[in-house]
Amino acid sequence: MRVAREFRLESLLFVAFFSTLPLYSPNLVMFNDLFPASGAVMPWFVNAMMAAAVAMGLLVAVLSLRRGGAAFVGLPVVAAATACYVGGFVLFALALAVPSFAVGSIAVAAGLAVAVGVVPLCLAWGTYFSALDMRQALFSLAVLIGMGSLVELLLSAVSMQVGLVAFGLLLALGVVLPLWKASHGELACAVRDAMEGEAPVPDPLASELVAPVGGAADLLANVRRMASVLAMPFVGLLVFGFLMGVRKFMLFDLIYVEALGGIVAAGVVLPLSVVGTRHPLLPFVYQVLLPLFALALVVLNSFPVGTGPQWLAASVSYVFYGVIGILALASLCAMAHAREFSPPLIYGLTVAAFALVSLAGIWCGSLPLFAYQQGGPVLLVLSTAYFALLVGVPLVAAWRREIALPADGACAPVEGVGVLQERCERLSREGGLSPRESEILAYLGRGHGIVYVAKTLVISESTVRTHVKSIYRKLGVSSREELLQRVDEG
């Protein structure tokens with residue numbers, strides 16, 4: 001229960017930010033329900049906001065390669081972003097409520113202002129959560145997103161006046177913590193630490209690890225490295241964003257299933273954050289739990305339309321994708337926590353990609369192919385394709401591990417973990433290893449391989465290899481066998 005004890009009450013303000021975040025399309029449903037004239041304003045606002053968010057996210061990612069990205073979470077940028085964010089929503093509310101403001105140009109201006117504000121605020125919140133490791137992030141985000149989904153349900157069930165007042169209050173509360181942290185320089189300091197504190201010494205023979213200087217080629221190189229760490233969680237987040245944008249589904253014509261699915265998903269994820277395992281958490285989830293969940297949904301979806309199992313599958317699918325979304329966001333926090341990539345790079349790319357797929361989902365939802373009657377089979381095909389990916393990737397990974405076992409496998413030493421830890425710490429002090437190198441040495445001393453270490457620390461395998469080479473050099477060994485011998489000798 002360590003992660004539960006370390007939960008910070010100040011992070012509850014994220015509930016307000018999540019429940020009003022316009023990049024998450026279910027949060028905009030309230031305006032459709034409260035304002036009958038929203039059909040003339042909403043498309044202009046949403047299209048402008050999503051397209052601008054894509055451009056802004058990519059721009060932040062590219063600039064963060066050149067300058068480190070600390071300026072994007074500094075007080076001047078966060079304060080300006082807050083003004084644009086709140087001002088854009090005020091303009092949007094006027095366009096919905098006042099007939100003279102209900103024109104496309106005002107809606108576009110509101111969307112652009114919100115996008116300019118929301119991207120730095122997402123970076124600020126992401127940088128704040130980068131202080132958490134995988135289990136801490138999983139616990140915190142499960143609690144916060146579950147509460148945010150509950151707030152979404154309540155907002156969709158109130159009157160126009162109450163809804164607007166509540167939304168405005170939540171909007172203001174959601175920007176308080178980023179402003180407070182930015183004013184004290186904590187966010188910028190976290191970004192600088194990520195870029196300087198734990199960066200591995202580049203291997204001159206490994207060109208892919210040379211520090212990037214910016215540009216499209218460097219951005220693509222970083223994307224490839226990030227994909228080697230979190231490809232499956234990121235793909236799941238994009239599928240989640242697309243499906244949430246395609247169509248809104250109501251249960252008994254009263255409750256939006258997206259919000260209900262988020263609440264149930266939080267209850268499903270919470271045990272994962274507090275139950276200990278001997279293996280890295282992410283591989284266990286994506287190679288065992290989620291494939292089993294996906295296979296169960298495939299079986300339920302195979303029943304005829306209108307039957308109980310098929311209806312259950314349609315409803316539980318939103319829980320499944322809610323779990324996927326929480327896991328993906330926690331994985332991104334863990335990647336930022338590992339300090340291999342800067343938070344602005346990680347979250348800039350995430351915001352751009354999520355806004356792009358959400359916009360594609362909203363557009364597809366207006367096509368006849370995705371209409372209510374015809375859209376079910378199309379969405380089922382998309383979901384089944386992702387289910388197949390979840391099941392197929394672990395099978396391929398198991399086959400690759402079987403082939404690579406003689407080279408990457410190792411038998412753990414027979415001594416107790418405490419003795420090994422003491423020996424590794426002594427070696428670390430003698431060799432002058434950095435904190436990250438000491439952490440990796442502890443895993444190597446227990447007999448774990450490169451792949452295991454990478455998945456446990458949520459960093460790329462190439463970065464682990466670079467750290468291992470540095471460990472070999474500092475300890476004066478040239479092979480894994482010599483390293484293990486040094487550990488055995490103490």
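Visitor: What makes the pair formed by the side chain of Ser 273 and the backbone oxygen of Leu 270 a polar contact?

Guide: A polar atom of the Ser 273 side chain lies 2.7 Å from that oxygen. The term needs a pair of N or O atoms within 3.5 Å; within protein, one must be able to donate a hydrogen and the other to accept it, and residues adjacent in sequence count only if both atoms are side-chain atoms. This is a predicted model: local features need pLDDT of at least 70, side-chain atom pairs count only at pLDDT 80 or more, and totals for chains, interfaces and linings use all residues. Side-chain values use heavy atoms, without hydrogens and water, and residues are numbered from 1 along each chain as its sequence is written.

Visitor: Why is Ser 273 called buried?

Guide: Its relative accessibility is 2%. Buried means under 20% relative accessible area, exposed over 50%, partly exposed in between (1.4 Å probe, protein chains only). So Ser 273 counts as buried.

Visitor: Why is Arg 339 called partly exposed?

Guide: Its relative accessible area is 31%, so Arg 339 falls in the in-between class.

Visitor: What is said of the phi of Arg 339?

Guide: It is positive, about 65°, although Arg 339 is not a glycine. Most residues other than glycine have a negative phi.

Visitor: How do you know that Val 458 is buried?

Guide: Its relative accessibility is 6%, so Val 458 counts as buried. Val 458 also has a positive phi, about 60°.

Visitor: Which residues does Phe 45 touch?

Guide: Among them are Leu 28, Phe 92 and Val 114, not counting residues up to four places away in sequence. Contact means heavy atoms within 4.5 Å.
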